[in-house]
Amino acid sequence: MKYIVSLLTAFVITFSASAQSILPQLKREKPDMDQIKREVTDPSSRYYYPRLMEEYQRNDTAMKIDKYRHLYLGYVFQEDYTPYRSAEHPLTYARTLANGKLTRSECDEVITYALEALGDNPFDLQQMMLLISAYREKGKVNLASIWQYKLNYLLMAIVSTGTGLDEENAWFVIEPQHEYVLLNMMNYIVADQVFYDPYYEYIKVKDPQGRPAGGFYFNIHNLLEEYYRKHPDEL
């Protein structure tokens, strides 16, 4: 995992400038997951999940952080949510891009596969990063910007759940890979990972010069809860 994410930093190193300007004012609030579950399953709610996903899939830029929080965190309550899912396609092009540019035909293959993977898992942030890079490489700036907007707001949805500085203010994630993508996008290098009972992960980081820079806490309570609900034999 660390190797894959370090390769992906060659594509999208930090949040876009627009996201960077929003981050300092971003409200940090620990999510009430029971409330989110009620809202995303209530057809009369503005956060009813099928409508949220429809807005997201039609690239509606009117979606802001409140809807992205419900979209991202509310995904754990959908039947097709599968934590710890792994991509079936090897990230061959991640290695290629780390060493040089892709050809136009390789970009087309990346785009085809990434869109297929995102159709299966709409929050596969690694594939999203590959897609953005391939679109940029082909000069499809508008499409790259649309996906960059989505990626920025999904990551801001995570950041909005806390400060990450202690267990009480841990960031909520719905997939383990999102921890690495977020920290790399914040220009940190992942150094180590520690699990703390009952459901926290602590990721130690370094700065771009390789110096120790502390670490951040992630809350994977709902991720583990859904995983064991769907895979009781793993308990």
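Modeller: A residue is called buried under 20% relative accessible area, exposed over 50%, and partly exposed in between. Keep that handy, and remember that this is a predicted model.

Biologist: Thanks! Let me try that on Asn187: what does its accessible area make it?
Modeller: Asn187 has a relative accessible area of 34%, so this residue is partly exposed.

Biologist: And where is Asn187 found?
Modeller: Look at the loop between α10 and β2: Asn187 is there. Asn187 also has a positive phi, near 75 degrees, even though this residue is not a glycine.

Biologist: Which other non-glycine residue has a positive phi, at about 60 degrees?
Modeller: Asn59 is one, with a phi of about 60 degrees. You'll find Asn59 in the loop between α4 (49–57) and α5 (65–73). Asn59 is partly exposed because its relative accessibility is 33%.

Biologist: Okay, let me zoom out. How many helices and strands does the protein have?
Modeller: There are 11 helices and 4 strands. Of the 235 residues in the protein, 49% are buried.

Biologist: How many of the contacts are between residues 24 or more positions apart?
Modeller: Among contacts with a separation of 6 or more, 62% join residues 24 or more positions apart.

Biologist: Tell me about Asn184 then. Why does Asn184 count as buried?
Modeller: Its relative accessibility is 9%, and the cut-off for buried is under 20%, so Asn184 counts as buried. A polar atom of the Asn184 side chain lies 2.8 Å from the backbone oxygen of Tyr180.

Biologist: Now the helix pairs. At what angle do the axes of α8 and α10 cross?
Modeller: They cross at roughly 45 degrees, and the axes come within 9 Å. The two helices are therefore oblique to each other.

Biologist: Which residues make the contact of α8 and α10?
Modeller: From α8 it is Leu125, Gln126 and Met129, and from α10 it is Gln177, His178, Val181 and Met185. Sorted by class, the contact of α8 with α10 has 4 nonpolar and 3 polar residues, with no charged ones.

Biologist: And how do the axes of α8 and α9 cross?
Modeller: Helix α8 (residues 125–137) and helix α9 (residues 141–159) have axes that come within 8 Å and cross at roughly 155 degrees. An angle over 145 counts as roughly antiparallel, so α8 and α9 are roughly antiparallel to each other. The crossing of α8 past α9 is left-handed.

Biologist: Which residues of α8 and α9 make the contact?
Modeller: On the α8 side they are Leu125, Met128, Met129, Leu131, Ile132, Tyr135 and Arg136. On the α9 side they are Leu143, Ala144, Trp147, Gln148, Lys150, Leu151, Leu154 and Leu155. By class, the contact of α8 with α9 holds 12 nonpolar residues, 1 polar residue and 2 charged residues.

Biologist: What about Asp124: buried or exposed?
Modeller: Asp124 counts as buried because its relative accessibility is 8%. Asp124 sits in the loop between α7 (104–120) and α8.

Biologist: Which backbone nitrogen does the side chain of Asp124 reach?
Modeller: The one of Gln127, at 3.1 Å. Leaving out residues up to four places away in sequence, Asp124 touches Leu118 and Gln177.

Biologist: New topic: where is Tyr196?
Modeller: Tyr196 belongs to strand β2 (residues 189–196). At 33% relative accessibility, Tyr196 counts as partly exposed. Its contacts, apart from neighbours within four places in sequence, are Glu167, Tyr202 and Tyr217.

Biologist: Last one: which residues does a cis peptide bond join?
Modeller: Asp197 and Pro198, with omega at about 0 degrees. Pro198 is in the loop between β2 and β3 (200–206).

Methods. Residues are numbered from 1 along each chain as its sequence is written. This is a predicted model: local features need pLDDT of at least 70, side-chain atom pairs count only at pLDDT 80 or more; totals for chains, interfaces and linings use all residues. Side-chain values use heavy atoms; hydrogens and water are left out. Axes are lines fitted to C-alpha atoms, for helices over the stretch in contact, and angles run from 0 to 180 degrees between N-to-C directions. Angles under 35 degrees count as roughly parallel, over 145 as roughly antiparallel, 65 to 115 as roughly perpendicular and the rest as oblique. A crossing is left-handed if the near helix is turned anticlockwise from the far one by less than a right angle, and right-handed if clockwise. Contact means heavy atoms within 4.5 Å. Ala, Val, Leu, Ile, Met, Phe, Trp, Tyr, Cys and Pro count as nonpolar, Asp, Glu, Lys and Arg as charged, and the others, Gly among them, as polar. Buried means under 20% relative accessible area, exposed over 50%, partly exposed in between (1.4 Å probe, protein chains only). A polar contact is a pair of N or O atoms within 3.5 Å; within protein, one must be able to donate a hydrogen and the other to accept it, and residues adjacent in sequence count only if both atoms are side-chain atoms.
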